Every structure is written in C-alpha cells, then in structure tokens.
Amino acid sequence: LETVSNDVITDLEEGVADLFGKRPGAPTRVGGTAMAAKLLNKVARSDGQAILEGVDNRNPAVAVEIRKRMLTFDDLIALDKRGIQTLLREVPIEDLVVALKTASEEMREKVFSNVSTRAADQIKEEQELLGPMKLSDVEKIQMQVVEVARRLEEEGKLTLDRLRYDHWLKVG
C-alpha cells in the first residue's frame, strides 16, 4: 500500500476518468404499465392502492392503464364456481353476450357451465344475431365486467387476489 507502480496509477486514473466521463446512453424501455401492473399485483392490496393513488395524482392516464392491466377479463376464468356464479348474477346478459365475443373457448365454457341452460342458450343465440363489433367496444364491456368483479371484491363477495397471482405466474 505504500509503493505503487506508476503504470497502476495511470490505469486507475484512466479507469476513473472513463467511468465518470461517460455520458448516459439512450434510455431503455423496461416494461411500462405492464410491468407496473405486474409489480402492484404482488404487493399488499392497501399498498398497491396507495401507490396507484400517487400515480393517479401525477398522471391519471397512466394510472388508468395500470389498472386495466392489473386484472383482465380473461383472468376471471380462475374464479372458483361460487365466485363466477356471484359475478354472473351481477352482470347483465347483454353485457355477457358482448364480453364473450372475443373470449377464449375455455372462458365461454366456464360461463356456460355456471348459468342455466336457458341463459346459456339465450347468450349463444344473441351472439349469433350480434354481428361484427369493434374490438374496442368489446374490450370496454369486458372492462365493465372486471369492474363488477372489483366491486364485488370490495364488498367481500368474492376474492380476486389469487387470480392476480395466478395470472402473473402465467405471464411473468
């Protein structure tokens, strides 16, 4: 530690100069609202709500996008029998008709197996009569169904925490 070669000092000086003299490169996109939603789904509900409120105060549009990605219509497939039945009782048939328009076959079967045969036939019949729709219109109705699920969770009538965890195991 007392004597050091001049070459080592020179290398050290050059290394430090390089380290502090470099300018930051172009920013790298690391996930945006999808990553934020993924992270918020893993924290305690109260913490997630507090964080989202902070985001909402700074940038309401970003908060809306994060909320959209936190729970999707397709995630509702993971509801247990009691949960899906509770949800279906609260969603008007005409909304189900539209929401199921772009749903997976698995989701359609989940709904049909949890409503009466008459209601399932009515939904299928109305879907045949519905015709083409804009994807944005279908997604809007799907988000309304998700909002019903969130409301039911707040009322203590169903639990969505497991859905969020299961969803991000598949996605993440």
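Is Arg151 buried, partly exposed or exposed?

Author: A word on the source comes before the details. This is a predicted model, in which local features need pLDDT of at least 70 and side-chain atom pairs count only at pLDDT 80 or more, while totals for chains, interfaces and linings use all residues. Residues are numbered from 1 along each chain as its sequence is written, and side-chain values use heavy atoms, with hydrogens and water left out.

Now to your residue. Arg151 is partly exposed, with a relative accessible area of 32%. Here buried means under 20% relative accessible area, exposed means over 50%, and partly exposed is in between (1.4 Å probe, protein chains only).

Next, its partners. The side chain of Arg151 meets that of Glu90 in a salt bridge, at 3.1 Å from N to O. Arg151 lies in helix H9 (residues 135-154) and Glu90 in helix H5, so this pair ties together parts that are 61 residues apart in sequence. Helices (H or I, at least four residues) and strands (E, at least two) are DSSP runs, numbered from the N terminus. A salt bridge is a side-chain nitrogen of Lys or Arg within 4 Å of a carboxyl oxygen of Asp or Glu. In general, side chains of opposite charge can pair when their charged atoms come close. Glu90 is partly exposed, at 34% relative accessibility.

Arg151 also forms a salt bridge with Glu155, again with side chains meeting at 3.1 Å, N to O. Glu155 is partly exposed too, with a relative accessible area of 40%. A network of salt bridges links Glu90, Arg151, Glu155 and Lys157. The count for the structure comes to five salt bridges.

Thr86 connects to this part of the picture. Thr86 has its place in helix H5 (residues 81-90) and counts as buried, at 11% relative accessibility. Leaving aside residues up to four places away in sequence, Thr86 touches Leu152, Lys157 and Leu158, where contact means heavy atoms within 4.5 Å. Lys157 is also a member of the salt-bridge network. The side chain of Thr86 makes a polar contact with the side chain of Arg89, at 3.4 Å. A polar contact is a pair of N or O atoms within 3.5 Å; within protein, one must be able to donate a hydrogen and the other to accept it, and residues adjacent in sequence count only if both atoms are side-chain atoms.

For another salt bridge, look at Glu105 and Arg108, whose side chains meet at 3.8 Å, N to O. These two are three residues apart in helix H7 (residues 105-112), which means they are separated by about one helical turn. Arg108 is buried, with a relative accessible area of 18%. The side chain of Arg108 also makes a polar contact with the side chain of Gln127, at 3.0 Å. Gln127 is found in helix H8 (residues 117-130) and is buried, with a relative accessible area of 13%.
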